[in-house]
Amino acid sequence: MLTVNQLAQSVGLSSSDAALWLPRILKAADKYQINTSLRLAHFLAQMGHESGGFKHLVEILNYSEQALISTFSSRITKSQANLYGRNASHPANQQMIGNIVYAGRNGNGDMRSGDGYKFRGRGLIMITGRSNYRAVGYEQSPAELELPDGAAMSAAAWWSQHGLNELADKDDLRAITRVINGGYNGLDDRQSRLIKAKGVLCSS
């Protein structure tokens, strides 16, 4: 269904990285019926975008004050952004940022619970929030999503639970992106990755 060379070409991986990821992707894809060339092309394109080419498996919250305000304007106050954001004199307090901006969202407790940082984005699809970790089976072991096995399996579980195989069958990139992102951020990159993956996997 998928070879090391095809995975390397589809995602832009070295042969050694593709060899590391291939059994994890195949196992997850088999379990969650990502079992056609078109489904797999969409899956790899979206995962490639979300993880920066399978390189980033945990969310980095290293924001400057201005970036915090522009990214999380409805979730953080200017004084909090000033206190915890990165500036010339000190690094960002990533733990506090996570606890503030993700408090009370997706099953997380309040800011003092620590859930925001504990359940920050992880895995190939950046699973975020206690309830989403629970849904894919990693609430008790969130750090496993930073490892290839958990990263691939959690992404495929989330993909299946949100009906993305069916949207992939319709070749609907925009709808898939909206489900994953809540909007269309990074659509051009997602489309470019999809074209590449389809060229490798769906050309025959």
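These legends go with close-up views of a predicted model.

**View 1. Helix α3 packing against helix α11.** Here we zoom in on α3, residues 37–50, and α11, residues 173–181, whose axes sit 11 Å apart at an angle of about 45°. As for handedness, α3 passes α11 in a right-handed crossing.

**View 2. The residues where α3 and α11 meet.** On the α3 side, look for H42, Q46 and E50; on the α11 side, their counterparts are L173, I176, T177 and I180. Sorted by class, this contact comes out as 3 nonpolar, 3 polar and 1 charged residues.

View 3. Q33 isn't a glycine, yet its phi is positive, at about 55°. For background, most residues other than glycine have a negative phi. With a relative accessible area of 39%, Q33 is partly exposed.

**View 4. F54, in the loop between α3 and α4.** Moving to the other end of α3, we find F54 in the loop that connects to α4, residues 65–71. F54 is another residue other than glycine with a positive phi, this one near 65°. How accessible is F54, buried or exposed? Its relative accessibility is 6%, and the cut-off for buried is under 20%, so F54 counts as buried.

Methods. Residues are numbered from 1 along each chain as its sequence is written. This is a predicted model: local features need pLDDT of at least 70, side-chain atom pairs count only at pLDDT 80 or more; totals for chains, interfaces and linings use all residues. Side-chain values use heavy atoms; hydrogens and water are left out. Axes are lines fitted to C-alpha atoms, for helices over the stretch in contact, and angles run from 0 to 180 degrees between N-to-C directions. Helices (H or I, at least four residues) and strands (E, at least two) are DSSP runs, numbered from the N terminus. A crossing is left-handed if the near helix is turned anticlockwise from the far one by less than a right angle, and right-handed if clockwise. Contact means heavy atoms within 4.5 Å. Ala, Val, Leu, Ile, Met, Phe, Trp, Tyr, Cys and Pro count as nonpolar, Asp, Glu, Lys and Arg as charged, and the others, Gly among them, as polar. Buried means under 20% relative accessible area, exposed over 50%, partly exposed in between (1.4 Å probe, protein chains only).
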